[in-house]
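Q: I would like to learn to read helix packing and salt bridges in a model. Can you take me through an example?

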Amino acid sequence: MTTLMTVLGILVFVFGLLFSIAWHELGHLSTAKMFGIRVPQYMVGFGPTLWSRRKGETEYGIKAIPLGGYIRMIGMFPPGDDGRVRKRSTSPFRGMIEDARAAAYEELKPGDERRLFYTRAPWKRVIVMFAGPGMNLILAVVIFLGVLMSFGINTRTTTVATVSECVISQSEQRDECRAGDPPAPANAAGLEPGDTIVAFNGEPVDDWGTLQARIRETVGPATLTVERDGETLVLHADLIENQVARTDGRGGYVEGEYVTAGFVGFSPASGVVRQDFPQAVDRMGDIMTTGVQALINLPSKVPNLWDAAWGTAERDQDGPMGVVGAARVGGEVFTLDIPPEHRIATMLFLVAGFNLSLFLFNMLPLLPLDGGHIAGAMWESVRRFFAKVFRRPDPGPFDVAKLMPVAYVVAGLFICFTLLVLAADIVSPVRLAG
């Protein structure tokens with residue numbers, strides 16, 4: 001049964017992956033056709049074609065390797081300085097440029113002269129290239145907000161999990177009380193595990209972040225209104241100052257940083273809590289910030305990946321994970337001993353995270369990524385603007401093909417990184433249980 005659920009989880013993730021890729025390419029396809037650019041191919045995957053069908057002027061298909069997708073647009077690059085698509089050269093770098101330029105004009109037909117990608121205004125090209133990752137962003141936001149608002153997220157609540165017997169500075173990192181430690185205010189007030197705090201000093205509270213902030217702002221007498229076994233009780237506590245972990249403003253903690261604040265002495269229980277729209281948007285902002293920071297920190301994760309793949313180091317559970325690793329996690333999700341709706345929500349979060357990663361990665365201003373073409377179109381727009389302001393001749397379209405040697409280097413680095421992540425995913429995979 002476990003094997004069956006693992007396979008089912010992997011298949012569900014792969015379907016989500018393929019849908020995300022198709023959705024991405026649909027953004028490019030729809031906007032390209034909207035601006036009159038001819039698109040000969042729309043493909044999901046790479047390698048040998050498993051299925052294809054031509055509709056109108058475009059061939060739609062699925063290929064064997066589900067690691068990406070593409071659409072082919074006619075005239076991605078302008079002709080060379082001599083007005084020709086291809087000219088002979090013995091320079092390897094010039095050869096790269098010429099090959100890329102020639103590939104952009106494959107299947108050129110009569111009448112396509114006005115349907116070339118590079119002939120479109122820069123703002124139209126920006127829209128076409130942004131539409132792909134933009135579709136991934138839309139899908140990620142819709143899934144994240146949908147899950148947060150309809151299902152919820154595991155978070156700290158105002159229900160009491162444990163009550164401290166004494167006051168211990170959190171910077172000491174110990175759990176046992178010692179002689180001379182004062183009793184914790186919560187224990188002295190009669191707070192018990194399972195109590196749900198519904199008000200602090202007479203003001204209603206319904207989330208842990210708000211309750212935590214009010215407790216930390218208070219030193220001295222305070223009241224805790226709790227629900228216990230269907231009854232509402234008002235407990236009186238005398239809060240004291242203590243050294244506690246710094247918070248992130250949303251109920252979480254900043255590791256290794258401490259502040260002096262009001263202290264009552266209990267730990268909150270965790271549970272799945274539905275978020276309203278403002279809370280969900282706030283959480284979505286946190287997720288976006290975390291994603292950007294993870295992308296910035298990506299180069300620093302390479303040594304751990306190498307040691308995990310070829311050495312004896314333990315895999316960083318917060319490090320980068322490839323398609324194989326994500327599929328493995330998808331398989332694990334369906335084997336967890338949790339309610340079915342929890343499994344579905346976790347899987348949706350996994351797919352949403354993948355789409356967010358696709359958006360952020362593709363927006364890097366480097367060829368062959370979408371962000372590289374966006375940067376080229378924007379630079380062309382800037383050049384033409386200043387030429388017009390200073391009454392200089394129109395510099396014409398920016399020749400992105402001249403950056404193809406850089407694109408090959410970027411693609412090579414990406415392939416090497418992908419292979420490294422693949423090896424780490426196989427040898428030392430990330431697991432949900434850590």
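The dialogue below covers helix packing, salt bridges and record annotations.

Q: What kind of model is this, and how are residues numbered?
A: The model is predicted; local features need pLDDT of at least 70, side-chain atom pairs count only at pLDDT 80 or more, and totals for chains, interfaces and linings use all residues. Residues are numbered from 1 along each chain as its sequence is written, and side-chain values use heavy atoms, with hydrogens and water left out.

Q: How is a pair of packed helices described?
A: Two packed helices are described by the angle between their axes and the distance between the axes. Axes are lines fitted to C-alpha atoms, for helices over the stretch in contact, and angles run from 0 to 180 degrees between N-to-C directions. Helices (H or I, at least four residues) and strands (E, at least two) are DSSP runs, numbered from the N terminus. Take helix 8 (residues 323-333) and helix 9 (residues 340-362): the angle is about 170°, and the axes are 9 Å apart.

Q: Which way do helix 8 and helix 9 run, parallel or antiparallel?
A: Angles under 35 degrees count as roughly parallel, over 145 as roughly antiparallel, 65 to 115 as roughly perpendicular, and the rest as oblique. Helix 8 and helix 9 are therefore roughly antiparallel. Helix 8 makes the contact (heavy atoms within 4.5 Å) through Ala326, Val329, Gly330 and Val333. Helix 9 supplies Arg343, Thr346, Met347 and Leu350. These residues divide into five nonpolar, two polar and one charged. The classes are: Ala, Val, Leu, Ile, Met, Phe, Trp, Tyr, Cys and Pro nonpolar; Asp, Glu, Lys and Arg charged; the others, Gly among them, polar.

Q: How does helix 8 pack with helix 11?
A: Helix 8 and helix 11 (residues 404-427) meet at about 30°, with axes 8 Å apart. That makes the two roughly parallel. Val324, Gly325 and Arg328 of helix 8 touch Leu422, Asp425 and Ile426 of helix 11. By class, this contact has three nonpolar, one polar and two charged residues.

Q: How many salt bridges are there?
A: A salt bridge is a side-chain nitrogen of Lys or Arg within 4 Å of a carboxyl oxygen of Asp or Glu. The count comes to ten.

Q: Where does the salt bridge of Glu380 and Arg125 sit, and are its residues buried or exposed?
A: The closest N and O atoms of Glu380 and Arg125 are 2.6 Å apart. Glu380 lies in helix 10 (residues 370-389) and Arg125 in helix 3, so the pair ties together parts 255 residues apart in sequence. Both residues are buried. Buried means under 20% relative accessible area, exposed over 50%, partly exposed in between (1.4 Å probe, protein chains only).

Q: What about Glu57 and Arg115?
A: Their side chains meet in a salt bridge at 2.8 Å, N to O. Glu57 is in the loop between strand 1 (41-55) and strand 2 (58-72), and Arg115 in the loop between helix 2 (92-103) and helix 3 (122-150). Glu57 counts as partly exposed at 27% relative accessibility. Arg115, at 25%, is partly exposed too.
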